[in-house]
Amino acid sequence: MSGKAYGYVRVSTKGQKEDRQLIAMREFGIPPERIMVEKQSGKDFERPVYLRLIQSLKRGDILVVKSIDRLGRNYDEILEQWGCLTKEKRIAIVVLDMPLLDTREDRDLTGILVADIVLQLLSYVAQTERDFLRQRQAEGIAAAKERGVRFGRTRIPMPAAFEGLAEDWRHGRITAVQAGRELGISRTTFKNRAEEWCLSNGFGKGRV
């Protein structure tokens, strides 16, 4: 190996233990002073330990992680990091849980090509799963709506005076601001509900 190997260990919460990742790093042969540990959620990528490590790595160095998800919160981010590190900074990556994901210089061109293909395949599978989940959710919502299930925020019930004020608003005897103030609701809420009331009563939409 032409460069130095550095290990990056991350746990999402303070309650999680990093022991297994640390053991894997030591077994790979990384000295303790070159193993960086971060205890922070991966929901965003503002991880100071990771960013400092990446900035300090030099061409030919090796970044070792136990699993591919240590590089990002989803495969879009993982692909971005992979490309930045291997193509732009010329840093090798080793994923201990997936031996095919290894881009060290002592591997032949076929091995590096296989690593890129495997990562692209993982990204495709992850995206397909996300699309399938969204489709299932949409189908479930549509089926629920057919059964009469309502979604969204609960509609504010209108006071008894609403219909009279809606009629007055329709004929221009009162403004939406005045009506909303009397009912204790916003102008927009009153106007939207008044227009719905007009349509449901066959008056057309809005004022006459």
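Visitor: Why does Arg90 count as partly exposed?

Guide: In this predicted model, Arg90 has a relative accessibility of 42%. Buried requires under 20% and exposed over 50%, so Arg90, at 42%, counts as partly exposed. Arg90 lies in the loop between H3 and S4, and has a positive phi of about 60° although it is not a glycine.

Visitor: What makes Glu18 and Lys39 a salt bridge?

Guide: The closest N and O atoms of Glu18 and Lys39 are 3.9 Å apart. The criterion is a side-chain nitrogen of Lys or Arg within 4 Å of a carboxyl oxygen of Asp or Glu, so the pair qualifies as a salt bridge. Glu18 lies in the loop between strand S1 (5-11) and helix H1 (19-28), and Lys39 in strand S2 (residues 35-39), so the pair ties together parts that are 21 residues apart in sequence.

Visitor: Is Glu18 buried or exposed, and how do you know?

Guide: Glu18 has 15% relative accessibility; the limit for buried is under 20%, so Glu18 counts as buried.

Visitor: Why are Arg104 and Asp102 called buried?

Guide: The relative accessible area is 18% for Arg104 and 6% for Asp102. Both values are under 20%, so both residues are buried. Their side chains meet in a salt bridge of 2.6 Å, N to O. A search of the whole structure finds 5 salt bridges.

Visitor: Which residues have the most contacts inside the largest nonpolar core?

Guide: They are Leu63, Ile68, Leu71, Trp82 and Leu101, in a core of 22 residues. At least two residues of this core come from each of S1, helix H2 (48-56), S3, H3, S4 and H4. Leaving aside residues up to four places away in sequence, Trp82 touches, among others, Ile68, Leu71, Ile93, Val95, Leu101 and Leu119. A second, separate core has 13 residues, including Trp169, Leu183, Ile185 and Cys198.

Note on methods
Residues numbered from 1 in each chain as written. Predicted model: local features only at pLDDT ≥ 70, side-chain atom pairs only at ≥ 80, totals over all residues. Heavy atoms only, no water. Helix = DSSP H or I, 4+ residues; strand = E, 2+ residues; numbered from the N terminus. Buried < 20%, exposed > 50% of the residue type's maximum accessible area, 1.4 Å probe, protein only. Core = buried A, V, L, I, M, F, W, Y, C linked by side-chain atoms within 4.5 Å. Contact = heavy atoms within 4.5 Å.
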